[in-house]
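Please take a moment to turn the structure around before reading on.

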Amino acid sequence: MNRRQCHRALALSLLAALAAPLAAPAWAQGDYPNKSIELVVPFAAGGGTDALARAFAEAARKHLTQTMVVINKPGASSGIGLTDVANSKPDGYKIGLVTADMDIIPHMGLTKTTYERFTPIARLNADPSAITVRADSPHANIEAFLDAARKNPGVVQVGNAGNGSIWHLAAAALEDKTGVKFNHIPFNGGNPAVLALLGGHVDAVAVSPAEVAPYVAAGKLKMLAVMADRRVKGFESVPTLKERQIDLSIGTWRGIVAPKGTPPDVLARLRDAAAKAAAEPALKEMMEKQNLGYAYAGPDEFARTMANDFAMFKTLVAKLGLQK
């Protein structure tokens, strides 16, 4: 081999070496996923969060080469499931469906896991809280309900999705705004709280419209008010608290996150699949049927929501004296 040929061979070798790292991310992204992905729901099966997770997992099947399996890990007002995801290997094979509770429970001393231990993929939904009672309740409207609580401090039982959950905080905020005192009864998720209401074990629940919608439609429950700026689609006859001169608007959001440190190429794959799944007509139809407010947001906007709500709930928890 002459000198010119040697120089040419060396140049080709250097070009190949430089090109290899550039090609690696594309190869890695194409390789992911090569096994099923766990989607952890930090609440019990049956509630609105669980229903959304299962519908999302089904919609995502079209846009991933592997299935997404929903795993329920309730407890500690979502703290157990959140910590499980945060502590998992950041390889994209265990992700979580989180709610606004994630921004509340650290301030209450229920977990040390905060939003900062996750990387956002997409927000899917946003819903207000609502006060719902049994259809045979003597309380015909929110005024009568609050009047009963005012006359009997600490007697009226209001079920929630667990100590420190968004629904607990919503009811506590209502106490603060109106000067009443409830007896807060925690459950491992919104659905168990609703079932307790149906069974006559609590007087009311402070959960989303989605979690009571089937029973309201069946005439078993009645919604007294929603904690929103405007009336909720599907419940147009139900007034907002603001219409009743109570300045309170509070609720939850639900979205998909991955553990901090998940590789960029894997995140890109998950974000692309999440955006396409969120646009699937079947998912939108399911959310409308379940009265889940469609509120898709990409990772940047979702990141801002998590950070802003973390600061807001810190102030609210302190004001209400809910820290442990």
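A salt bridge here is a side-chain nitrogen of Lys or Arg within 4 Å of a carboxyl oxygen of Asp or Glu. The model is a predicted one, and it holds 17 salt bridges.

One of them joins Glu280 to Lys62, with 3.3 Å between the closest N and O atoms. Glu280 sits in the loop between helix 8 (264-278) and helix 9 (281-289), and Lys62 in the loop between helix 2 (48-60) and strand 2, so this pair ties together parts that are 218 residues apart in sequence. The two partners can be sorted by accessibility. Glu280 is buried, because its relative accessible area is 13%, while Lys62 is exposed, because its value is 63%.

Another salt bridge is formed by the side chains of Asp84 and Lys73, at 2.9 Å from N to O. Asp84 belongs to helix 3 and Lys73 to the loop between strand 2 and helix 3, and the two are eleven residues apart. Asp84 has 22% relative accessibility, so it counts as partly exposed. Lys73, at 24%, also counts as partly exposed.

How far apart are Asp147 and Lys151 in helical turns? They are separated by about one turn, because they are four residues apart in the helix. An α-helix has 3.6 residues a turn, so residues three or four places apart point the same way. Asp147 is partly exposed at 30% relative accessible area, and Lys151 is exposed at 61%. Elsewhere, salt bridges that share partners join Glu38, Lys73, Asp84 and Lys94 into one network.

Now consider the chain as domains. The assignment gives domain 1 (37-127 + 252-320) and domain 2 (130-244). Their C-alpha centres are 24 Å apart. In the contact between them, 26 residues of domain 1 meet 23 residues of domain 2. About 1,700 Å² is buried between the two domains, and carbon and sulfur atoms give 64% of this area. On the side of domain 1, Ser77, Asn291 and Leu320 lose the most area to domain 2, together 26% of what that side buries.

Between the domains there are two salt bridges and five residue pairs in polar contact. Strand 10 (251-259) and helix 10 (299-320) are the elements that each give two or more residues to the side of domain 1 that touches domain 2. Helix 10 provides the largest share of that side, with five residues. Sorted by class, the side has 13 nonpolar, eight polar and five charged residues.

Ser77 lies in the loop between strand 2 (68-72) and helix 3 (79-86). It has 7% relative accessibility, so Ser77 counts as buried. Beyond its sequence neighbours within four places, Ser77 is in contact with residues including Phe43, Asp101, Gly162 and Ser165.

Arg123 is part of strand 4 (residues 118-128). Is Arg123 buried or exposed? Its relative accessibility is 13%, so Arg123 counts as buried. A polar atom of its side chain lies 2.9 Å from the backbone oxygen of Ala295.

Finally, helix 6 (residues 190-198) has several buried residues, among them Gly190, Ala193 and Leu197. The buried residues of this helix pack against elements including strand 5 (130-134) and helix 7 (209-217). Just after helix 6, Gly200 takes a positive phi of about 80 degrees.

Methods:
Residues are numbered from 1 along each chain as its sequence is written. This is a predicted model: local features need pLDDT of at least 70, side-chain atom pairs count only at pLDDT 80 or more; totals for chains, interfaces and linings use all residues. Side-chain values use heavy atoms; hydrogens and water are left out. Domain bounds come from an automatic or database domain assignment. Contact means heavy atoms within 4.5 Å. Buried area is the accessible area (1.4 Å probe) that two parts lose on being put together, summed over both. A polar contact is a pair of N or O atoms within 3.5 Å; within protein, one must be able to donate a hydrogen and the other to accept it, and residues adjacent in sequence count only if both atoms are side-chain atoms. Ala, Val, Leu, Ile, Met, Phe, Trp, Tyr, Cys and Pro count as nonpolar, Asp, Glu, Lys and Arg as charged, and the others, Gly among them, as polar. Buried means under 20% relative accessible area, exposed over 50%, partly exposed in between (1.4 Å probe, protein chains only).
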